[in-house]
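Welcome to a short walk through this model. Open your viewer, switch to a cartoon view, and select along with the text.

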Amino acid sequence: MPTFHNDATLPTPTFPGSHVVLDDRYVYLSGLTAADIQGSEAILGDVGEETRWIMRRVQHLLDSVDCELADIVRADVHLTNLEKIHELDAAYADFFESPHYPARTCTQSPTLLDGANVEITLVARRSDDDDLAVNRG
């Protein structure tokens with residue numbers, strides 16, 4: 001049975017969804033932009049900084065469900081301008097140990113909510129020794 005979790009440090013979703021959904025083996029994170037993170041207004045427009053803010057929040061969300069960045073198996077990245085993919089890649093790569101990167105898709109999305117330029121959605125694999133019966137909220 002899946003459990004649904006919203007993080008108190010993020011705004012309550014305005015869409016019918018949860019920040020995090022857990023099942024027996026996987027953690028699913030809804031799309032996250034820097035605009036979702038309080039205090040990020042100053043960095044909107046800088047693809048590298050937006051990516052760093054998102055990945056730090058992703059790390060926080062995964063920590064809250066006993067996972068880590070190394071557990072990510074798939075990421076979907078939406079970028080408003082694919083010509084800036086090198087800025088995104090430089091920041092994104094800092095959060096993983098080469099060559100152990102998750103499978104990834106990157107698409108151009110001309111408009112993201114609230115002026116964001118990067119949105120990241122991901123799936124992480126839970127370790128076999130996690131207490132799978134824990135309901136985190």
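Helices here are DSSP runs of H or I with at least four residues, strands are runs of E with at least two, and both are numbered from the N terminus. Colour by these elements and you will find two helices and six strands, in the order β-β-β-α-β-α-β-β along the sequence. The radius of gyration of the chain, taken over C-alpha atoms, is 15 Å, close to the 14 Å from the globule rule (2.2 Å times the number of residues to the power 0.38) for 137 residues, so the chain is as compact as a globular protein of that length.

A word on the model: it is predicted, with local features needing pLDDT of at least 70 and side-chain atom pairs pLDDT 80 or more, while totals for chains, interfaces and linings use all residues. Residues are numbered from 1 along each chain, and side-chain values use heavy atoms, without hydrogens or water.

Next, select Val27, Val58 and Leu62, which have the most contacts inside the largest nonpolar core, a set of 30 residues. Such a core joins buried Ala, Val, Leu, Ile, Met, Phe, Trp, Tyr and Cys residues through side-chain atoms within 4.5 Å; buried means under 20% relative accessible area with a 1.4 Å probe, counting protein chains only. Now show helix 1 (47-63), which gives the most to this core, with six residues.

Which residues does Val58 touch, leaving aside neighbours within four places in sequence? Select Leu29, Leu32, Leu69, Ile72 and Leu122: Val58 is in contact with each of them, meaning heavy atoms within 4.5 Å.

Conventions: Buried means under 20% relative accessible area, exposed over 50%, partly exposed in between (1.4 Å probe, protein chains only).
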